[in-house]
Amino acid sequence: MSESNNLPGRNRRRFPGISSRAYEHPADRSALVALRKLSGFDTVFKALSGLLPERSLRLLFLSDSVRVSDAQFTHLNEMLRDACYILDLEKVPAMYVTQDPQPNAMCIGLDEPLIVVTTGLVELLDEEEMRAVVGHEVGHALSGHSVYRTILLFLTTLALRVAWIPLGGLAIMAIVTALREWFRKSELSADRAGLLVGQDLRASMRGLMKIAGGNHLHEMNVDAFLKQAEEYEASGDLRDSVLKILNVLPRTHPFTTVRAAELKKWEASRDYQRIMDGHYARRAEDKDTSVSDAWKESANHYAETVKTSKDPLMRLINDISSGAGDLGGKLRDKFTGTPGSPTQNPPQDSPPSESPED
């Protein structure tokens, strides 16, 4: 694309040849690297295009939504071209605005990515907040997430149709659950891409707050919003930890406060600063990526997450892995939220020894 026609609205850093590995969440990246290395994986998935309603989906948006272009939603078209310019995505994906009051956006498609944003989202966000969202979706496109997202949409629909078949429904839902877990991690990756495009953490935070609480910024505070994420992670006992897992299982996106906290943490990291300084993984090096190294990085990330987490379940797992304490007692205490009976030795008849003098 012509650089002169696609310069960002303000001076933003560009990342020529950037690989999606540069910003992908460790869990997301390891899964994608492993999938891409599987012999014939892409061929098999593209062969499914005959079974998937992709052509029908494209015709649906073409006939019943508004395509973003130089003539329609021009401000979104400029943002889209800017995002592709910054992340060096050569082919600009088609983008549609569809009538839906629910704020949402998605990137789908097997052969070519297609971005869809709802009117609810367009009306909710200001220009810089929307720029982060568009960058988020372009990040999905660069990472190849649209393929797996399309499969997820198809399988979710199929699961509803065969829900009356006990074994068939269970088998499909098992795959859907696994894909949702991967997709939640991919959303954290795309949030990072949105930050690289917008290069304005405050705008990204505002956008997430609006998605959570509507267009009432004068009633909201970023620090208080982030504190909610800390409280969510640390509060309660094991019962709450289990409820958190059950609450998130049907979702394709992580909870909004969690996304905000994760993004703020990444923006403060050395990894983000290195990208901004021009030191990042290039697409030309993708073919040399090691699957084992990706899995090792993912494992190290989760180990560190368990070690530093304030969640009761994660703390218990860390204690058990460290060999600390009595398992039965810890389970009792964590599930009830109350400490067990003291286990120290009963007091002795003899008086305690005096402390040595200074």
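Let's start with two helices: the axes of α6 (residues 127-143) and α9 (residues 201-213) come within 8 Å of each other and cross at roughly 90°. Helices here are DSSP runs of H or I with at least four residues, numbered from the N terminus. An axis is a line fitted to C-alpha atoms over the stretch in contact, and angles between N-to-C directions run from 0 to 180 degrees. α6 and α9 are therefore roughly perpendicular to each other, a label for angles of 65 to 115 degrees, while over 145 counts as roughly antiparallel.

This is a predicted model, so local features need pLDDT of at least 70 and side-chain atom pairs count only at pLDDT 80 or more, while totals for chains, interfaces and linings use all residues. Residues are numbered from 1 along each chain as its sequence is written, and side-chain values use heavy atoms, with hydrogens and water left out.

On the α6 side, E128, E129 and A132 make the contact, and on the α9 side A203, S204, R206, G207 and K210 do; contact means heavy atoms within 4.5 Å. α9 also pairs with α12: their axes come within 9 Å and cross at roughly 170°. That makes α9 roughly antiparallel to α12. Here L201, S204, M205, L208 and A212 of α9 meet T256, R259, A260, L263, K264 and E267 of α12.

The table sorts both contacts by residue class.

The structure holds 2 cavities of 30 Å³ or more. A cavity is a set of points on a 1 Å grid over the protein atoms alone where a 1.4 Å probe fits but cannot get out, and lining residues have an atom within 4 Å of a point. The largest cavity has about 50 Å³ of space, a volume being what is filled by probe spheres set on the points. Its lining is made of H25, L188, D191, R192, R259, E262, L263 and W266. α8 (166-198) and α12 (256-267) each give two or more residues, and α12 has the largest share, with 4 residues.

The whole structure has 13 salt bridges, each a side-chain nitrogen of Lys or Arg within 4 Å of a carboxyl oxygen of Asp or Glu. In one of them, R12 and E128 meet at 2.6 Å, N to O. R12 lies in the segment before α1 (26-37) and E128 in α6, so the pair ties together parts 116 residues apart in sequence.

G17 is also found in the segment before α1. G17 and L87 are 70 residues apart in sequence, but 7.6 Å apart in space, C-alpha to C-alpha.

Conventions:
Angles under 35 degrees count as roughly parallel, over 145 as roughly antiparallel, 65 to 115 as roughly perpendicular and the rest as oblique. On a 1 Å grid over the protein atoms alone, a cavity is a set of points where a 1.4 Å probe fits but cannot get out, and a pocket is an open set with protein on both sides within 12 Å along at least five of seven lines; lining residues have an atom within 4 Å of a point.
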